[in-house]
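Hello,

Here is the structure I said I would pass on. My notes follow below it.

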2 protein chains.
Amino acid sequence: MDSTLTPFFKPRGVVVIGASTSPEKLGYGVARNLTASGYRGAIHFVSQKSGLLFGNQLYLSLSDVPDPVDLAILIVPPNATPEAIEACGQRGIKAVTIVTGGFREVGAEGAALEKKCVEVARKHGVRLLGPNCIGTLDTHLPLDTTFLQPPMPAKGSVGFISHSGAFAAAIIDWARGQGFGFSQIVSLGNQADVNETDVLPEVAKDEHTRVIALYMESVSDGAKFIQAASEVTKHKPVIALKVGRFEAGQKAAASHTGALAGSEAAFDAAFAKAGVLRAETAEQMFDWARALETCPLPSFALSGGLSEAERRRRPQSKGGMAILTNAGGPGVIAADSLETNGLVLSQLAESTLEALSTTLPPSASIHNPVDMLASASPEAYAACLKILLQDENVNGVLVILPPPPMFKAEDVAEKIVETLKSDSLLSGKPEAYPYGHTSFGTPESKPVVIALMGSTLVEEANKVFQRANIPTYPFPERAASALGVLAKRAEYLESKQTLKVSETFRVSEPKDNSVDSLLTAYGIPTAPIKLARDENEAVTIANEIGFPLVMKIASPDILHKSDVGGVILNIKDTASLKSACTKMIKRVERLIPPPQIDGVHLQRQISGGQEVIIGMVRDPLFGALMMFGSGGIEVEGLKDVAFALAPLNQAEAESLMRRTWAGRKLKGFRSIPPVDEESVIDALIKLSHLAIEHENIAEIEINPLRVLGKGAVAVDVRVKLRA
Amino acid sequence: MDSTLTPFFKPRGVVVIGASTSPEKLGYGVARNLTASGYRGAIHFVSQKSGLLFGNQLYLSLSDVPDPVDLAILIVPPNATPEAIEACGQRGIKAVTIVTGGFREVGAEGAALEKKCVEVARKHGVRLLGPNCIGTLDTHLPLDTTFLQPPMPAKGSVGFISHSGAFAAAIIDWARGQGFGFSQIVSLGNQADVNETDVLPEVAKDEHTRVIALYMESVSDGAKFIQAASEVTKHKPVIALKVGRFEAGQKAAASHTGALAGSEAAFDAAFAKAGVLRAETAEQMFDWARALETCPLPSFALSGGLSEAERRRRPQSKGGMAILTNAGGPGVIAADSLETNGLVLSQLAESTLEALSTTLPPSASIHNPVDMLASASPEAYAACLKILLQDENVNGVLVILPPPPMFKAEDVAEKIVETLKSDSLLSGKPEAYPYGHTSFGTPESKPVVIALMGSTLVEEANKVFQRANIPTYPFPERAASALGVLAKRAEYLESKQTLKVSETFRVSEPKDNSVDSLLTAYGIPTAPIKLARDENEAVTIANEIGFPLVMKIASPDILHKSDVGGVILNIKDTASLKSACTKMIKRVERLIPPPQIDGVHLQRQISGGQEVIIGMVRDPLFGALMMFGSGGIEVEGLKDVAFALAPLNQAEAESLMRRTWAGRKLKGFRSIPPVDEESVIDALIKLSHLAIEHENIAEIEINPLRVLGKGAVAVDVRVKLRA
């Protein structure tokens, strides 16, 4: 539990340096919030004037402050900040939050000052949060070191880490209106010292935190982030909103891989590797967070962790969701949205259909989406929900509740809550809550989310659901997205359980320092191109690389080789080789003006099969980024490519196959025969290890890798070394 | 103005047949709402008991009801409905809304009853709305024929047509909470008679309606819908939420085009053709509606209606948007989202930067996004907004307002509203409001949308903006999407202005009833395959189609022709042709067992260029649906295709080019030389006319169309006739 960051989260005492009695000052706000938060440790204020503030003595100097004091909140002018950190260091305070702005964000002078702060802090082993941040907040401890307008956010289970203080402040207020709360909030500011990767495991440790929302504008250290996040996501879900796409401009690249791989592709790959759920919008991040903090995960074990495409092909599988509605239209919207989120509608069991038909009027639709009609009573909602939850084909339920024409929405809400809380149904399996929380269960721990449509007419119902910790969304689309993220999280945890350990493979010593030798050493078959200066050399080379062969004239002066008879395919034996070589050289020699002729290039002719591209570009943040997809010269236009970070394991390489047409086609398509998919996966894994172990390579691209009925051969390889 | 639907929208008197004094009955709700709505025409109630209801006499029979009465609202049991319609017909009432359910939606018996209702109505020239609907509502007239719980929605300028009554009811309540209103609402129910296409022009006629939101589960008649919607969108924007994607299952198809074209592709193409803006979610539909009802359109004339790709390439163009914020994080989110919505950040003019730098503190960021810092005062917001709006590079402004730490959000809101309303700025050009409304203007009529982030701390600010009719959104992403739809609408109107009229082309009489002749008649060059039984016939054919030629053995028994020497390419003259023909037949005759030989197939050899696919499938709802994209056998896997409805005009065909890699590549890419793009556009337009004029063709596909440096040739054509 203990780390150098612990004093930020569990201080025995806090001192506010720069506390102020003027209500318009930040130092007033911090003092006010710290006192009002209910923090049970020691509270100390240091100010320029002595006296009392919120019942606490104002000290003129930090040295006068009594023990215990583990955390200092600095609201002093930028120029005075290094000195204040020095004083903290001398006082034995190991954690300092710098609220004040005016550092790196305002230019070179501020940056120098920020650097000085870090130097002073390092000297004393002090950790710094900020500068230019709004501090930390813990609703459960409780502790509030921010200057935000009261009241504190409600208690909740969402831990929120933000690179932007203003965004955090806005979200806190928005959450109040949405009726959800937070466990901890950390605003990172300029990250002079403590960054998002440092803080992530600390917030994850918090027993009240069930899900972590992470607003990121950048990453401090890509590899460390992946490592830290991977550890956290084993136990608790992490949702990231990564912004700043528009800043990632175009860049020069030596390969197709380099041209296609952007910073966003690298972030996507990093989040995938670390099991971080990437939200598209701020609203989505918290829609997801609310589902993950309150709902059990669907037991996708039933559907065997099917890929999206497989699930679509098998709508009858047991991995589906049910929709319960009192109106057709919103039910149709929900059904569309479940599909958009990669989910399917459950095929309801016969017993379910029977039970529904005895419960509902004959004109109701008992097939999924279950439409109870506008007349549905609170009791009908409850009864049908119970029936659906008991169906083993149903992995979760999306309940739609627009203002019921004949009843009060809050009465429906009460009945739904009652159903979910009833003793007989509380037999939920605790182990089905893989992130360690145990909100009340539904049968076999199935998630239930509510699309509560409307405003004034459903206000009371919303309160009922909020009190019961059941997430509501104003539209079916957002409720479906919430179910979708629960399924994604379940699949991720399942994929971790079933992950095959990649077989280790032997890397031999490269014969020489050619690219071919390097690939060969890693077990990636190549078809090297060899220069033969005459027919005798050609025969020697042919004996080495084998027939059939392709021969091309080797001349820097000839651009279109086939136009001058400079390409001969399918040379099958030594006799043909000799004759072809002599004839080709003679033919080309006769050209006017006579070109420079170096000899002929020979390559083993690899025919048939399919062509793909595999490549690597070294991302500045996350390292070796692997690409796979449709090759050829149109790769940049077709964009049929997918990315993942090295080193690849089997599952990650397989996912590259599923995500691209080039990969799916390997299994054969219409008249295109199937080829050796496993050999591509093998080459990708090996190339990813090669990339990790050879940091001097900036980009490497095999285009094409020719995939045969058995095996795959790198036909053309390009490498760019690091400058 | 007058149509058979006018009595639904402007009745001189309304009768409620089935008015009830029991508050739990729908007939009570309708009577209550009609009375409370403030409707100024005559109100009559027909009930089973006489007496008074809401101050109006209850008649026992419709025949007792005095004039005027133009519209009847029926809330009588289904079985009694045909008789009630009969009575209306006899009474001279030409418009009947059937609120009651229990018709087609409950089965065969109900369907029969519904059919009877229509028969009775037709006999008397009566139009029917419903059954199973919630009726109509006009906040301005005012008129409310629904049974929904009061109060009526607020007055507004959004006309809302819905296939789902429950969805409409939920949206009305949700809108109340969001602070926006409606002009008219029409719930269509079972559409026994009146459908969405009938109603659309009627709602569009309403002077208070500035934008129409359309919730669709289906379309009654595709062609009529496109025609009606195209007329409406010339004057007023229409937003559609089309649901029911999940119901569109897989279907058998004879061609790639058929396999790739789904009902959703057809709807997309129909909306594009009609200028209807398609929303992805319910929330988005109304986010867009609010922007379109209140904001002027950006003057995209400045950016010349650039395509998305072109705009991305020209971020310095004058078509950009500005972001004004008091915090960096939300500014970055907004910038990302503008890009996602196809917009770019304006490059601010030098004079703008100077003005901003004198207004803002030195540490503020004066470049777009303009970050005024957390200390930004209401006056700073106002001053900077004014500066930005005066920059001719700025086409619109997204203002971000999280709770300001030092000020009240409502004070900022007041200052912003003041700025936008100030006299000096009211010089907006009215003609820049192409949909005919004149809310107050911003300089040069630039749209301003607000991302008002938070909840309780911005509640008052929200009211200020609502009163001033300035749209607010809780997150920058949604505000950016609103600006995006304004730009889309502006581009659409501009594209209509600049649309080139397609040149007419002559269609000659087909020589015979072959596909080749048909294509030739429409001016689409083909390379027909001809059978020659011997070398003499081969020469005759060669003289007809010209050299070079491809020759293939014509035999039903030989699958892999090239394996047995059954394919000869590049035959250049008569001598080679004769010899090749004789040799090929002799060679194949020697095979054991001897195959059946019909002769040889000859085709003009078309080399070089690029291959694309063009095709048509007849959509059951919208007719001839054209496809263009990357051809070959992988077309279904690559999915590099785009769709548009026939007949295509030049702009629509060009858009197919822009939307696909196959189309973009025609201009050349790296070593791939450019080819004759115009010939593809020409072939697409001609094929679309062929499809329109030959309804017996179910599917037609040219794959490949070989596009050369000059011209394009249909190499392989498949046709499926209608059953």
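Two strands are taken to pair if DSSP finds at least two bridges between them. The model is predicted, and on that criterion strand S5 (residues 71-74) of chain B pairs with strand S6 (residues 95-98) of chain B in the parallel sense, over four bridges. Within this pair, B:Leu74 stands opposite B:Ile98 in S6(B).

Both strands belong to an open sheet of seven strands in chain B, with the order S3-S4-S2-S1-S5-S6-S7 and mixed pairing. At its edges are strand S3 (51-53) and strand S7 (127-129) of chain B, each of which pairs on one side only. From one strand to the next, the twist averages 30°. Helix H2 (residues 26-36) of chain B packs on this sheet and touches strand S1 (13-17), strand S2 (42-46), S3, strand S4 (56-59) and S5 of chain B. The direction of H2 makes about 160° with that of S1(B).

H24(A) is mostly covered, with 12 of its 17 residues buried. Among them are A:Val680, A:Ile681, A:Leu684, A:Ile685 and A:Leu687, and also A:Glu677 and A:Lys686.

What do the buried residues of H24(A) pack against? Their partners in chain A are helix H18 (515-521), helix H22 (650-658), strand S24 (610-619), strand S25 (623-630), strand S27 (697-707) and strand S28 (712-714).

Regards

Terms used
Residues are numbered from 1 along each chain as its sequence is written. Chains are lettered from A and ligands numbered from 1 in the order in which they are written. This is a predicted model: local features need pLDDT of at least 70, side-chain atom pairs count only at pLDDT 80 or more; totals for chains, interfaces and linings use all residues. A residue is buried if 20 or more other C-beta atoms lie within 10 Å of its own, exposed if 12 or fewer, and partly exposed in between; C-beta atoms are placed from the backbone. Helices (H or I, at least four residues) and strands (E, at least two) are DSSP runs, numbered from the N terminus. Two residues are in contact if their C-beta atoms, placed from the backbone, lie within 7 Å. Axes are lines fitted to C-alpha atoms, for helices over the stretch in contact, and angles run from 0 to 180 degrees between N-to-C directions.
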